[in-house]
Amino acid sequence: MAIRKAEPYKIKMVEPIKLIPRKERDKKIKEVGYNQFALKAEDIYIDLLTDSGTGAMSDYQWAGIMMGDESYAGSRNYYNLEKSVQDIIGYKYFVPTHQGRGAENVLFPIMIKEKGQYVLSNMHFDTTKAHVELKGGRAVNLVIEEAFDTETEHPFKGNFDLGKLEGFIKEKGVENCAFIIVTITCNSVGGQPVSMENIKGVKKIADQYGLKVIFDAARFAENAYFIKKREVGYENKQIVDIIREMFSYGDGLTMSAKKDGIVNMGGMIAIKEDEELYTISRSMVVPIEGFPTYGGLTGRDMEALARGLREVVEEDYLESRIGQIEYLGQRLIDAGIPIQRPVGGHAVFVDCKKFCPQIPYNQFPAQAVCVELYKEAGVRAVEIGSFLLGRDPETGEQLESPMELLRLTIPRRVYTYNHMDVVADALIEIWKKRETLKGFEFTYEPEVLRHFTAKLKPIE
Ligand SMILES: *Cc1c(COP(=O)(O)O)cnc(C)c1O
């Protein structure tokens, strides 16, 4: 039998967490209107709300924090980060930003030349869509159909539907398209990867029509790992080589470094070789994020990121990272719980349309499971479904999301297999009594971004 591998790190500093009693959990979640965003973090035992900025830095990164050079301009850490970007991503230019949305805020107005232009993506992340729309663009999602069927096993559910992509450009006219965004991995459909073949296909179409390709690169290393594991011809390649090949098919990227940068805050724009685009980005970043050699980051932040980028490409790290998520997913599959398959890069997505079919979309089935999971074991997850989607801005009708998902997002290097077991055990208990779950209705519903501040009550 193959030896089961443990996490490839040992723990040198601990942060205590505790499970408050069941009665208190019931009380706390009721007090915050059954909205887990409003819980205090200290009332949570295992926090799977997001993998963004929640990772644990290594001793090497923490040592780098002490090497922060806080010069206003030209900090040595900026140059260290530049070297990491050039070595790992393979792009000539970069501009640091405070996080991913800072990069979007700077780059998108430069790339969207006219109001009403389309931005074509496999699937826009929510802030990405918001920034496209704020700059007058229109966000279009062209991911393959398989992405929406949780049971179909497809190795690259984040792929573009290339036929749809070309069809769209032809139908609307290339002058009405601003650029293409390739989201790796595709967060919004379950951390699903995009294959190298598909990326190449996108590039070919882009070249044919003279469109630029920009990566939304938050989880670039996880995407490369999936290519190595699932795509023919890449099994013996180094992760760094796969990453450099992926990015070679693009013109630039925006990155939230809070994901695969393994830092708590940070982001960047990187540009392959287009000097003009770099020059404009570099001047636009000044009034928005800060001087181009810090862009909203401290010297120590940039050093931590320079080191994080080198650590995230290590194969034993990626194997353990993805392995933890696969382990949790497999335990749920073994218990018969419906999840998005195959398991994605940063999270397990439970299909709550199937988990509790008795709850209609407008009573938020995934939120019901989310609340129950907190009550059961103090675990915080997040609903990605109709509660998040909201209402039609014109009619005020509740929209029906194509999927009702509960996302169990795993922070990097933070939890162990034991924590995964606690989460799996709790969900399996809830699965056994799933018929008793009830839907929710609003007691307070704000007009914008209601997901974060709404209050709910169970429907009796
Ligand atoms: C997190 C994320 C962003 C936004 O980055 P922030 O650092 O949260 O501002 C953009 N795109 C994707 C795919 C993300 O996961």
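# Briefing: helix packing, ligand contacts and backbone

Pro-342 lies in the loop between helix H12 (315–334) and strand S9 (347–351). The peptide bond that joins Arg-341 to Pro-342 is cis, with omega of about -10 degrees. This is a predicted model.

**Backbone geometry**

- A cis peptide bond also joins Ile-184 and Thr-185. Omega for that bond is about -25 degrees.
- Thr-185 sits in the loop between strand S5 (177–183) and H7.
- Tyr-34 is not a glycine, yet its phi is positive, at about 50 degrees.
- The loop that holds Tyr-34 runs between helix H1 (22–31) and strand S1 (46–47).

**Ligand surroundings**

- The ligand is surrounded by 15 residues. The closest are Gln-99, Arg-101, Asp-216, Ser-256 and Lys-259.
- Arg-101 places a side-chain N or O atom 2.6 Å from an oxygen atom of the ligand.
- Ser-256 has a polar side-chain atom 2.6 Å from an oxygen atom of the ligand.
- For Lys-259, the distance from a polar side-chain atom to an oxygen atom of the ligand is 2.8 Å.

**H4 with H5**

- Helix H4 (residues 100–111) and helix H5 (residues 126–134) cross at roughly 25 degrees. Their axes come within 10 Å.
- Angles under 35 degrees count as roughly parallel, and H4 and H5 are therefore roughly parallel to each other.
- H4 and H5 make a right-handed crossing.
- H4 contributes Arg-101, Glu-104, Asn-105 and Phe-108 to the contact. H5 contributes Thr-127, Thr-128, His-131 and Val-132.
- The contact of H4 with H5 has two nonpolar, four polar and two charged residues.

**H6 with H7**

- Helix H6 (residues 162–172) packs against helix H7 (residues 196–209) at an angle of about 15 degrees. The axes are 10 Å apart.
- That angle makes H6 roughly parallel to H7.
- The crossing of H6 past H7 is right-handed.
- On H6, the contact residues are Leu-162, Leu-165, Glu-166, Ile-169 and Lys-170.
- On H7, they are Asn-198, Gly-201, Val-202, Ile-205, Gln-208 and Tyr-209.
- By class, the contact of H6 with H7 comprises six nonpolar, three polar and two charged residues.

**H8 with H12**

- The axes of helix H8 (residues 220–230) and H12 cross at roughly 90 degrees and come within 10 Å.
- Angles of 65 to 115 degrees count as roughly perpendicular, and H8 and H12 are therefore roughly perpendicular to each other.
- H8 brings Ala-221, Glu-222, Tyr-225, Phe-226 and Lys-228 to the contact.
- H12 brings Glu-315, Leu-318, Glu-319, Arg-321 and Ile-322.
- The contact of H8 with H12 divides into five nonpolar and five charged residues, with no polar ones.

Methods. Residues numbered from 1 in each chain as written. Predicted model: local features only at pLDDT ≥ 70, side-chain atom pairs only at ≥ 80, totals over all residues. Heavy atoms only, no water. Axes fitted to C-alpha atoms, helices over the stretch in contact; angles between N-to-C directions. Helix = DSSP H or I, 4+ residues; strand = E, 2+ residues; numbered from the N terminus. Parallel < 35°, antiparallel > 145°, perpendicular 65-115°, else oblique. Left-handed = near helix turned anticlockwise from the far one by under 90°. Contact = heavy atoms within 4.5 Å. Nonpolar A, V, L, I, M, F, W, Y, C, P; charged D, E, K, R; others polar. Near = heavy atom within 4 Å. Polar contact = N/O pair within 3.5 Å; in protein donor to acceptor, adjacent residues only side chain to side chain.
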